[in-house]
Each structure stands twice: as C-alpha cells, then as structure tokens.
Amino acid sequence: MSNKEKHWEKTKSLMTITLVIWFIFSIFIFMFGEGMNTASFLGYPLAYYMSAQGSIVVFVVLIFWFANKQEKIDEEFGFTEKEDD
Amino acid sequence: MAKEKFINQGSFIQNLPKIYGIYTGGFLAFILMMAVAESAGMTAKTIGIMFVGFTVCIYALIGYLSRTVQVDAYYVAGRQVPTVFNGMATAADWMSGASFVAMAGGIYFGGYTYMAFLVGWTGGYVLVSSLLAPYLRKFGCYTVPDFIGTRYGGNFARFAAVCVLSLASFTYVTAQINATGTIASRALGIPFELGVWIGLCSILLCSMLGGMRAVTWTQVAQYIVLIIAYLVPIFWMSNKNGFGIFPHLMLADEVARLGELEAQFGLVKNAAADIKAAGVPGGLKSISLPHAGVLSGGMHAWKFISLAICMMVGTASLPHILMRYFTTPSVKAARKSVAWSLFFIALLYTSAPMLATLSKLQLMDPTLATGIIGKPIAEVMQIEWVNAWTNVKQAFIADFNGDGILQLNEWFMRGDVVVLSTPEVAGLPYVISGLVAAGGMAAAMSTADGLVLAIANALSHDIYFKIIDPKADVRKRLLVARSLLVVIGACGAYIASMRITSILGAVAWAFDFAMSGLFFPLVLGVWWKRATREGAIAGMLAGLGSGTAYLIYVGPKFMAQTPWLGIDHLRFGIIGAVVCLIVMVVVSLNTDEPDRATKKLVDECRVPSGKTILGKQH
C-alpha cells in the first residue's frame, strides 16, 4: 500500500468512528426519549437535557477532537500543509 | 484605493482581534448610552430606531470598506479568513431570523418535540467537518456547483447543481428578507412592505461592493451583536427573578415547575372548529404540548429523529454554509473552523430552551407578577404589552369556557413574538427590546447576505463565466456578479412582500431541498471514486424531483394528502435523499467508470497538502 492509500485508510476509520459517535448522540439516544426522561441530569429530565444541551456539547467536543486527530494523521504521513501552499 | 490596500494587508488580519474588540466595546458603550438616554426620557420608538439604524449603518460601513475588484477576494475573501473569525462569520451566516426570532418560540409551543430542530441544526456540522468541508477546501472551488462541475465534468452536472442550489437558497432567502421586514417595520414604525425593501437595501449594502470578503467581515460584526442581544435578556431575566445566576445550569426547578403548571391548567388541544369560531387570527397558537415531557409511542420518537435527520443532512448540503469553508487559509483551518462555527452556534442554541423556559414560566406562573394565565381576562387586557400585541393581531384571547378567567388554551400568540415580546413581558427596560430588535435584524441580514451571495455567485461563476462566456475579463465577471446580486435580492424581497409563507415552514423546506439534490452527489464525489457524471446528474434530478413531488403531495397548502410513515412536509427530504442515493448508485454502476484523470483528481483532494486542484484564480 502506498503512503497515500495508508493515509486514506486511517482517514476513513477516523471518519467512521466520528460518525458512530455522532449517530449515537443525534439519533440513537432519541429513540428512547421516553425512557431517558425518567433519569435526570443537573435536575433536568435527561431526554430534555440531551436535546437542549447535552448532544450539542458532545458535537462541539467531537468536531474539535476530530480535527486534532485528523491533523495527527496528516502529520504521520507527511501531508501537513506548508504555510504558503 | 487606499482603503482597499489597508484591508488587503496582512496587518489587517493580524489586527482582527483588536478591531473587533474595539467594536464590541463600542457596541456595549452604545447600549449603556441608550440606557442613560432612556432614563433621561427618550421614547421607546426613538430607541428602537437608534438601535436598528446604528447597527445597520455599521454593517454598511464595513461592507464599503471591504470593497474589492479582485475575483478571489470577491468569491472567497482571498482565502485568508482566520479560523475563529470564520467560525463567527459562519455562525452568523447560519443563525437566521428563524433561529433568533422563531426558535425559542417554537420550543415555547412545541416543547421537547420541537427540540429536534436544535439537535438537527447542530449535529449537521459533524457531517460537514468529517465528510465535506476539508475536501471541498482542498479542491479550491469558488462555489458548490464548481465542485460538482469539476469532479463530474460537463456543463450539465454543473447546471443541475446550480438549479438545486438556487431552489434551496431562494426558499430560504425569502424567509430571511421577510424577517428583516418584520423587524424593520416594528422597530422603525413603518409598513411591512416598506420594511422589506429597506431590509433588502441594507443587505445589498453589505455584500455588493465586496462580495464574500465584505460579507465575511460584516457577518463577524453581526454575530457579536446577535449573541449579545440574545444572551443579555436571558441572564437578566434569570437573575432578576432569582431563577439562577447561570440559567443554563440552574433552571431545573423552573422546568419542573412548568410540568406542575401544565398539570394544573391542563394541556388542551383546541378543536379547529372552536378556533375558527372564536376568530383566532391565522398563525397564532396556544400551548398544548408538554415542555420537557416526551410523548409516548414509537411514532413520536420517529418524528423527532426524522426531523433531526433532515435538518442534519440538510445542513451538510446547504451551499451558503459550505462556501464559508472555502475562505480559510488551509484545509487544516477549514476543519478547525467548522469546530469553532459550532461552538459559536452552540452559545445561542443552548440558550434558546432556557429563554423559552423563562418566558413561558413568566406567563404561566400565577404566583409571579408577570403571570397572566389563571387571572381574570378583564384584568389581563389592561396590561400594556398584551394590549399592544393583541392590537396588531400577534396575540389573541378567546374565552372558550366563558368563565372570564384566562386558561392556558385560551391564550394565543404568534411563535415569532415570543422572543421579541419577552423583554416587555418581563418588564425589562425598553433598551433591551431595542437590543433584541437589533439582534434579530443582524441574524436575518447575515443569513440573507450569505444566501443571496451563494445564488448570485453560482449564477455568475458557474452559469455565466463557466458556461456562457469563459473569456470574460475580471471587470465584466464582477459586474455580472453584482448585477445578479441586486436582481436576486429584489426577487426575494418582492416575494417576501407578498407574505406567502410563515418564517419556519419555508426554512425547513430549504434544508429538505438541499438534502434531496445535493447531499449524495457531494459526499459520493469525495468518498466514492466510482460515482460517475451520469449517476450524479440522474441522482440530483431524481432526488430533487421526487422530493418536490412528495412535498406537493403532502404539503398542507398543496394537495394535503396523509403523509406516509409520518414523513410530512417538513421532512420530505428523506424521500428525496433516499431516491437520490439509489438512483445515483444504480446509474453510476451501469455507466462507464470515471476516467483516470478524474480518479487522480479525487485522490488529490483527499490529501491536505499541496496546491488546490483548481487554480487560485479560475
């Protein structure tokens, strides 16, 4: 496998992990909204909290994490951009 | 030309934090000044005019200072917008009049069921960052159809993409111009139709001379105004009433209290016949859904999820958002910039439910001075703000049971009014209402700017320059781009002035149109080398066609048939996108593989380093 192919393999698996986490917090948990609401977080019913803040915070953190991780992958294979590309 | 040079220099970019720091300070000083003026006896109307007028003038000034005669500055802001600032600009671009004015109102009436919009309008950014933004940035395109046209080749693919883009963005832009009209007419005390045209003029002032560059720097300024305008009333109300110093973490008791009050007053859904008989003006609603409670049953869960899916996938296909990531200096910066965008968006979105909670509680809790539910109607009618809003038919009281007491299901209000009226309801000084009006104006204007520019750029770059006249010189290209901007803005304003849609219905449609026609052609263009030109064209046309057909089939204002599996007119993108995917894959597999050059192109765009695929000036 060439350098480019290896880089793309790693990129793809990072994308998959990212989208799995995304799926859990954007779709999966809301299948169980009713059950979730019997639990609470900070005193808010859990399903309400997740839709109002929880999932949104997860998304923000997830994208920052993804961006850093992808930068590491690029670095590993020598694809980091030069300043004046 | 001296100013042109000033803004082009690297020092301008380096000084951005300072410049916007001073700007923010100046704006806060202006608010204080207005507060002083209010206590000195300045009338509410003058304050409103000052707020809207002052901020709009600032945006116009920025637009003027950012004027340009260069193609890459006009289309992609010279690709030098730093990550954090691009994040702010995207956030303003993103948060429309609907987010600012209608979202808290939607939660106010819809409670948890409506909050699928919150999840959808934020979750989509994960798709943008992991699937699209960095790759499109590496491509170096000016517009979204530019990517489609180059990746798949041929003018027809480019043309189909322009069609989807125009339809989606235009649906969206009329709603925004509508919102600027509503706010301008209220704040300036002028008729709605005139407000729409004034709104349009201010939108064009920001974008015409400097294109993307001007829009970028005004959007940053608009973000600052809108976020201050959104957060100040929330913190103020929460602290004034002793609900909690930091409302986002401390409103649990209030949410629980709303549940108690719902049980006490009862959630009654009024019969359509009753509403009609009482003469409730169209578009006004009463609270009939639980605030934090989840309705039981799989269908409700599916409705929540399907709405979230449409908004997420739609987010990742809306060209005015994707094109913001063409302006960053590098691929790396594009990724980071998506993260910052969502951070800035989250500041407002996580606040919307808190605003809805606070304003709802203030109306519903009879133990609070501001409460109106459960009080005698005659008494309620004496309240100044109730009077003001009922007079303009934005609020309504219908005494269904004839007991003279205002019940929860007897109080009607327009969703958009919730945010705009909250400061008055809570008895905050008028300065806050003026601030909110300025914020709403900023939100609607910034989105309208981005949208009008997205359409005009696609038409001028992809249709005019790439298809009609590839030999046109820079002057002619920019002239065409600017003329189109005016024409499209005017069309949007004309349609908005006819008032055909409510703000939110149309906004959700834009997402559905975009996801029907663009999501898979964009994503597969990067992630699936086997995707062919014929596949992409067939996918775009079939997706958009089937989505639109389904919308006409279920749309309440069209054929109004029973939706299939709960996929109603807000969710028709699900049909369109699925059809698009299937058609695109089937047709791609049955046509010749893309040639080696195309495959190389895709390989290139997957690697962040190296030159962009399309030249710096193309």
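**Helix crossing in chain B**

I began with the crossing of α11(B) and α23(B), which is right-handed; a crossing counts as right-handed if the near helix is turned clockwise from the far one by less than a right angle, and as left-handed if anticlockwise. The model I am reading is a predicted one, in which local features need pLDDT of at least 70 and side-chain atom pairs count only at pLDDT 80 or more, while totals for chains, interfaces and linings use all residues. Residues are numbered from 1 along each chain as its sequence is written, and chains are lettered from A and ligands numbered from 1 in the order in which they are written.

I then looked up the geometry of this pair: the axes of α11 (residues 192-207) and α23 (residues 430-468) of chain B come within 9 Å and cross at roughly 65°. The axes are lines fitted to C-alpha atoms, for helices over the stretch in contact, with angles running from 0 to 180 degrees between N-to-C directions. Helices here are DSSP runs of H or I with at least four residues, and strands are runs of E with at least two, numbered from the N terminus.

I noted that α11(B) brings S202(B), I203(B), C206(B) and S207(B) to the contact, and that α23(B) answers with M445(B), A448(B), D449(B), V452(B) and L453(B); two residues are in contact if their C-beta atoms, placed from the backbone, lie within 7 Å. By class I have six nonpolar, two polar and one charged residue in this contact, where Ala, Val, Leu, Ile, Met, Phe, Trp, Tyr, Cys and Pro count as nonpolar, Asp, Glu, Lys and Arg as charged, and the others, Gly among them, as polar.

**Chain B as a whole**

I find 29 helices and three strands in chain B. Its radius of gyration is 24 Å, close to the 25 Å that the globule rule gives for 618 residues, so chain B is as compact as a globular protein of that length; the radius is taken over C-alpha atoms, and the rule is 2.2 Å times the number of residues to the power 0.38. The C-alpha trace of chain B spans about 75 × 60 × 40 Å along its principal axes.

I read 58% of the 618 residues of chain B as buried, the cut-off being 20 or more other C-beta atoms within 10 Å of a residue's own, with 12 or fewer for exposed, partly exposed in between, and C-beta atoms placed from the backbone. Of the contacts in chain B with a separation of 6 or more, 83% join residues 24 or more positions apart.

**The sheet of chain B**

I traced an open sheet of three strands in the order β1-β3-β2, with antiparallel pairing, and its edge strands are β1 (284-285) and β2 (395-397), each of which pairs on one side only. Two strands pair if DSSP finds at least two bridges between them. I count two bridges between β1(B) and β3 (residues 411-414) of chain B, and three between β2(B) and β3(B). M413(B) stands opposite K285(B) and is also the bridge partner of A395(B). On β3(B), W411(B) and M413(B) point one way and F412(B) and R414(B) the other, and all are buried.

**One residue, I321(B)**

I looked up I321(B), which lies in α17 (residues 319-322) of chain B and is buried, with 27 other C-beta atoms within 10 Å. Leaving out residues up to four places away in sequence, I321(B) touches T90(B), D93(B), W94(B), V128(B) and T315(B).

I find three helices and two strands in chain A, following the pattern α-α-β-β-α along the sequence. I read 39% of the 85 residues of chain A as buried.

For the contact between the chains, I have 45 residues from chain B and 40 residues from chain A. On the chain B side, the helices that each supply at least two residues are α8 (116-139), α13 (247-250), α14 (252-265), α16 (298-315) and α18 (331-349), and α18(B) gives the most, with 10 residues. By class, that side of chain B has 27 nonpolar, 11 polar and seven charged residues.
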